[in-house]
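Me: Hi, I'm new to this one. Can you walk me through it once it's up?

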Amino acid sequence: MATIEECRAALDKLSDSVQRAEGDVRTAAAMDRSVSCHITDLDVTFAGRLTGGRIEVHDTLEGPPRERAQIRLAMRGDDLLALVDGELHFARAWGSGRVRLEAGLRDLFRLRKLL
């Protein structure tokens, strides 16, 4: 089972990858939105913002998200690590229910270029 520290490091790695992206991916990442990522097996939520092409984590909270972020993710810690390391394909994980993504329709269309 992944640890809180490993999950935080995975989010930092994802943020670095998004920031280095080019073309449509970079355009999609240029949003300014609140973000939460609930790690269900650890019952921890990372809360922050997607801004300037980076995911900035501001808080690590126990339990589910306390506020409704504009972009909301939920998954197990091992799935987050596998996604970031390229071992798990996002669309398959989302389609099978291993990863939950909730956002407004317009944001979902932009995020599909990132994921």
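Predicted model: local features only at pLDDT ≥ 70, side-chain atom pairs only at ≥ 80, totals over all residues.

Me: What does Trp94 pair with, and how is the pair arranged?

Reply: By the rule used here, the count comes to one aromatic pair. That pair is Phe90 with Trp94, and it is tilted. The ring centres are 6.0 Å apart, with 40° between the planes.

Me: Where do Phe90 and Trp94 lie?

Reply: Both are in helix H4, residues 90-96. Four residues separate them, about one turn of the helix.

Me: And Phe90, buried or exposed?

Reply: Phe90 is buried, because its relative accessible area is 10% and the cut-off for buried is under 20%. Trp94, at 40%, is partly exposed.

Me: New topic. How many residues of helix H3 are buried?

Reply: Six of the eight.

Me: Which ones are they?

Reply: The buried residues in H3 are Gly77, Asp79, Leu80, Ala82, Leu83 and Val84.

Me: What covers them?

Reply: The cover includes helices H1 and H4. It also includes strands S1, S4 (71-75) and S5 (99-103).

Me: What follows H3?

Reply: Gly86 does, and its phi is positive, near 80°.

Me: OK, over to Cys7. Where is it?

Reply: Cys7 sits in helix H1, residues 4-20. Cys7 is buried, with a relative accessible area of 0%.

Me: What is Cys7 in contact with, beyond its neighbours in sequence?

Reply: Leaving aside neighbours within four places, Cys7 touches Ala2, Ile39, Leu42, Phe46, Gly77, Leu80 and Leu81.

Me: How far apart are Cys7 and Phe46?

Reply: Their C-alpha atoms are separated by 9.1 Å. Along the chain, Cys7 and Phe46 are 39 residues apart.

Me: Which residues lie nearest its centre?

Reply: Val35, Ala47, Gly48, Leu61 and Glu67. The second largest pocket is lined by 14 residues.

Me: Which strands supply the lining of that pocket?

Reply: Strands S1 (33-39), S2 (44-51) and S3 (54-62) each supply at least two residues of the lining.

Me: And what is the lining of the second largest pocket by class?

Reply: It has five nonpolar, five polar and four charged residues.

Terms used:
Residues numbered from 1 in each chain as written. Heavy atoms only, no water. 1 Å grid on protein atoms, 1.4 Å probe; cavity = no way out; pocket = protein on both sides within 12 Å on 5 of 7 lines; lining within 4 Å. Nonpolar A, V, L, I, M, F, W, Y, C, P; charged D, E, K, R; others polar. Buried < 20%, exposed > 50% of the residue type's maximum accessible area, 1.4 Å probe, protein only. Contact = heavy atoms within 4.5 Å. Phe/Tyr/Trp six-rings, centres within 6.5 Å; stacked < 30°, edge-to-face > 60°.
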